[in-house]
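Subject: Structure handover

Hi,

Here is the structure I promised you. Please open it alongside this note.

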Amino acid sequence: MSELKKIISCMDDYDPEAMRVDKAREFIRALIRPIQTNERIAVRGSLGRILGEDIVSNINVPSHDNSAMDGWALRGEDLGEGPTRLREVGVAYAGRGYSREVAKGEAVRIMTGAVMPPGTDTVVIQEVVQKDGEYIVVPPGQKVGQNKRLAGEDLSVGKAVLHAGRQIIPADLGLMASLGIAEVPVRRRLRVAFFSTGDELASVGSVLKEGEVYDSNRYTIYGMLARLGVEVIDMGVVRDDPASLEKAFREASENADAVITSGGVSVGEADFTRDLMIKLGEVLFWKIAMKPGRPMALGKIGEAYFFGLPGNPVSVMITFYAFVRGALLALAGRTEEIELPTLSVTCSTALKKNPGRTEFQRGVLARNGQGEWEVRVTGAQGSGVLRSMSEANCLIVLEHERGSVKPGDKVNIQLMEGLA
């Protein structure tokens with residue numbers, strides 16, 4: 001039994017003619033096998049990459065007990081119920097400490113980050129201390145051990161501080177640098193090939209002939225892929241010719257981990273593409289219970305994963321965000337949450353919907369006159385109205401069972417800004 005058929009056999013309510021969005025995601029996650037190849041690169045160049053191995057601390061950070069504030073270091077046992085008078089015997093700077101044991105009744109002026117002088121365990125901030133010649137007066141109410149950072153409090157020797165599968169963020173660069181790490185193991189970049197299909201598509205910059213449209217899908221797909229940090233292979237437009245399509249699919253599957261196409265999977269087109277897919281690999285054709293973006297193809301061509309998206313511009317983007325984005329992140333080796341976070345906000349406009357499918361409407365999230373967040377639709381929501389995606393900053397997600405929305409109702413949204 002093939003891998004796809006095994007997954008299908010384990011799924012309840014599998015219906016390729018009316019696949020629920022959640023079921024489609026479940027199937028895709030079961031199909032994906034993350035890449036395992038690592039490479040070592042400089043820490044500074046690892047931003048956005050997927051960590052290939054756990055990062056284990058080989059030192060304590062901080063390496064010594066140190067002061068969290070500018071003030072005076074002292075022995076906590078010297079503190080009394082009333083004001084405490086202590087003699088200042090020296091200064092401890094960050095990187096240049098005070099090495100003599102601090103005796104009873106003594107205090108050392110200390111700067112933030114300086115190692116705690118021997119014998120001291122407490123720091124009193126400078127703002128509350130009064131100077132009296134060579135003495136200081138500490139007010140009551142101080143707590144033993146306050147304003148002191150312990151050795152290893154941030155990172156301790158032998159503990160994993162970052163785990164394999166994490167997508168590296170700016171703070172991680174500093175974290176690894178604080179351990180003295182110069183190179184980091186990361187998963188190799190995912191390679192994704194994509195092309196558009198159709199005789200009606202014209203290249204940007206050319207003069208349109210009768211019946212032609214400019215190929216916008218390749219540009220939106222490129223932008224969405226670029227945000228994910230994958231290696232992009234743009235194969236242009238492939239005409240509706242069996243030989244040309246077979247050549248393109250073979251080349252793409254041999255050079256990439258995943259192949260994405262737009263167009264050629266809707267009713268009337270699927271039969272032609274299906275015959276080719278049977279020849280080259282194993283591909284399923286679905287009708288997703290969603291709007292927009294109903295037709296979709298999924299499977300494998302050789303060792304490459306295949307995602308056949310609809311041809312309408314908005315449908316391409318919605319199906320990419322709903323299914324392909326998460327699949328590519330999982331394939332790249334990311335183990336953290338890969339689905340877009342969902343927020344609940346008030347909808348200011350009425351939305352018409354029938355239960356039985358998931359709808360993704362394009363929305364604008366903004367503050368109203370009372371300073372509260374609310375969302376409205378961008379206007380016309382047709383699957384060919386790419387302007388609706390350009391004007392939107394979020395997707396309004398209307399769940400499978402949900403009906404129409406009245407102004408003031410709560411709806412779920414997914415932010416589009418900074419998707420990764």
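Below is what was found, starting with the ground rules.

This is a predicted model, so local features need pLDDT of at least 70 and side-chain atom pairs pLDDT 80 or more, while totals for chains, interfaces and linings use all residues. Residues are numbered from 1 along each chain as its sequence is written, and side-chain values use heavy atoms, without hydrogens and water.

**Cores**

The largest nonpolar core has 54 residues. Such a core is a set of buried Ala, Val, Leu, Ile, Met, Phe, Trp, Tyr and Cys residues joined through side-chain atoms within 4.5 Å. Buried means under 20% relative accessible area (1.4 Å probe, protein chains only). Ile260, Phe307, Phe320 and Leu328 have the most contacts inside this core. Helix H7 (residues 313-331) gives the most to it, 14 residues. Helices are DSSP runs of H or I, at least four residues; strands are runs of E, at least two; both are numbered from the N terminus. A second, separate core has 20 residues, including Ala193 and Val283.

**Sheet**

6 strands form an open, mixed sheet, in the order E7-E4-E6-E5-E9-E8. Strands pair if DSSP finds at least two bridges between them. E7 (122-125) and E8 (130-132) are the edges; each has a single partner strand, so one side of each lacks a neighbour in the sheet. E4 (residues 71-74) and E7 run antiparallel, joined by 4 bridges. Ala73 has Val123 in E7 as its bridge partner.

Best wishes

Note on methods. Buried means under 20% relative accessible area, exposed over 50%, partly exposed in between (1.4 Å probe, protein chains only).
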